[in-house]
Amino acid sequence: MSDILNQLAEVLEARKSADSDSSYVSGLYQKGLNKILEKVGEESTEFILAAKDAETSGDTQEAIYELADLWFHSMIALSHLGKHPDDVLGELQRRFGLSGIEEKNSRGQ
């Protein structure tokens with residue numbers, strides 16, 4: 001699965017120098033972090049609504065579609081900050097086997 005994340009990370013990195021007239025991602029990079037985060041928030045809301053609908057209808061396709069959009073835009077934000085999906089995977093690996101309570105306590109919260 002991390003292969004697709006690596007492939008997407010490479011494409012997102014390449015879009016940093018692409019023409020914004022021909023690349024949606026390049027246009028987001030040029031508009032800056034606030035615009036990217038606005039999209040993350042929008043996609044988050046759309047996922048929440050689709051997940052709530054899926055619970056009622058039993059049809060999860062729209063929720064999966066919206067979650068893909070959320071992950072995509074989150075990866076753009078991550079790339080904008082100069083990080084790679086491996087950084088997130090490393091953090092998940094670090095947490096693996098910890099209870100949520102232990103992990104939260106390790107952050108001092």
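Trainee: Which residues make up the largest nonpolar core?
Mentor: Keep in mind that this is a predicted model. The largest nonpolar core has 12 residues. They are Leu 5, Ala 9, Leu 12, Val 25, Leu 28, Tyr 29, Ile 36, Val 40, Leu 70, Met 75, Ile 76 and Ala 77.

Trainee: Okay, and which helices supply at least two residues of this core?
Mentor: Four of them do: α1 (2–15), α2 (24–31), α3 (33–57) and α4 (61–80).

Trainee: Where does the largest share come from?
Mentor: From α4, which gives four residues to this core.

Trainee: Let's zoom in on Leu 12. What does Leu 12 touch, not counting residues up to four places away in sequence?
Mentor: Leu 12 is in contact with Val 25, Tyr 29, Phe 72, Met 75, Ile 76 and Ser 79. Val 25, Tyr 29, Met 75 and Ile 76 are also on the list for the core.

Trainee: Switching to charges. How many salt bridges are there?
Mentor: The count comes to six.

Trainee: Which residue does Lys 16 form a salt bridge with?
Mentor: Its partner is Glu 13, and the closest N and O atoms are 3.2 Å apart.

Trainee: Where do Glu 43 and Lys 39 lie?
Mentor: They both belong to helix α3, four residues apart, and that is about one turn of the helix.

Trainee: One more. What do the side chains of Glu 91 and Arg 95 do?
Mentor: They meet in a salt bridge, 2.9 Å from N to O. Glu 91 and Arg 95 are separated by about one helical turn because they sit four residues apart in helix α5 (residues 85–95).

Trainee: How does the accessibility of Arg 95 come out?
Mentor: Arg 95 has 33% relative accessibility, so Arg 95 counts as partly exposed. Glu 91 is partly exposed as well, with a relative accessible area of 28%.

Conventions:
Residues numbered from 1 in each chain as written. Predicted model: local features only at pLDDT ≥ 70, side-chain atom pairs only at ≥ 80, totals over all residues. Heavy atoms only, no water. Core = buried A, V, L, I, M, F, W, Y, C linked by side-chain atoms within 4.5 Å. Buried < 20%, exposed > 50% of the residue type's maximum accessible area, 1.4 Å probe, protein only. Contact = heavy atoms within 4.5 Å. Salt bridge = Lys/Arg side-chain N within 4 Å of Asp/Glu carboxyl O.
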